[in-house]
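Please look over the sequence and the model below before reading on. The paragraphs after it go from the whole chain to single side chains.

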Amino acid sequence: MARGLKERLGEEVVARRDARDWTRENLVEHSGVSVNTIGNIERGQGNPGLDTLERLARAFRLSVGELLTASERRP
């Protein structure tokens, strides 16, 4: 079964976080998104809003479009 956008986004957030050697708590500090929300996103659960996506993208120094496009390219 093909993975959906939420699953791919979660994988992308984990990969970006790992590339920086950040814990979820570090990402909370950089983004202002709660640790529970980050956990849900990383597991491909929930429906992150645009504000949340913007905060995460900003923490990774990306645009929301770049974050989503990168998640679409993830194998």
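What follows covers confidence, overall fold, the nonpolar core and the salt bridges.

This is a predicted model, in which local features need pLDDT of at least 70 and side-chain atom pairs count only at pLDDT 80 or more, while totals for chains, interfaces and linings use all residues. Residues are numbered from 1 along each chain as its sequence is written, and side-chain values use heavy atoms, with hydrogens and water left out. The score pLDDT is the predictor's confidence in each residue, on a scale from 0 to 100. Its mean over the chain is 92, and 91% of the residues reach 70 or more. Confidence is highest in helix 2 (residues 24–31), with a mean of 98, and lowest in helix 5 (residues 64–73), with a mean of 83.

The secondary structure consists of five helices and zero strands, giving the pattern α-α-α-α-α along the sequence. Helices (H or I, at least four residues) and strands (E, at least two) are DSSP runs, numbered from the N terminus. The C-alpha trace spans about 35 × 25 × 20 Å along its principal axes. For 75 residues, a compact globule would have a radius of gyration near 11 Å, and the chain agrees with this at 11 Å. That radius is taken over C-alpha atoms, and the globule rule is 2.2 Å times the number of residues to the power 0.38. Of the contacts (heavy atoms within 4.5 Å) with a separation of 6 or more, 58% are between residues 24 or more positions apart.

How much of the chain is buried? Buried residues make up 33% of the 75, where buried means under 20% relative accessible area, exposed over 50% and partly exposed in between (1.4 Å probe, protein chains only). In soluble globular proteins, nonpolar side chains tend to be buried together. A nonpolar core is here a set of buried Ala, Val, Leu, Ile, Met, Phe, Trp, Tyr and Cys residues joined through side-chain atoms within 4.5 Å. The largest such core has 14 residues, and those touching the most other members are Leu9, Val13, Leu27, Leu56, Phe60 and Leu67. Helix 1 (5–19), helix 3 (35–42) and helix 4 (50–59) each give two or more residues to this core, and helix 4 supplies the largest share, four residues. Leaving aside neighbours within four places in sequence, Leu27 is in contact with Val13, Arg17, Trp22, Gly32, Ile38, Leu56, Ala59 and Phe60.

The whole structure contains five salt bridges, each a side-chain nitrogen of Lys or Arg within 4 Å of a carboxyl oxygen of Asp or Glu. In one of them, Glu12 and Arg16 meet at 2.7 Å, N to O. These two residues are four apart in helix 1, which separates them by about one helical turn. Glu12 is buried, at 3% relative accessible area, whereas Arg16 is partly exposed at 23%.

Another salt bridge joins Glu42 and Arg17, also at 2.7 Å, N to O. Because Glu42 lies in helix 3 and Arg17 in helix 1, this pair ties together parts that are 25 residues apart in sequence. Both Glu42 and Arg17 are buried. Together with Arg24, they are linked in a network of salt bridges.

In helix 4, Arg58 and Glu54 are four residues apart, about one turn of the helix, and their side chains form a salt bridge at 3.7 Å, N to O. Arg58 is exposed, with 52% relative accessibility, while Glu54 is partly exposed at 39%.
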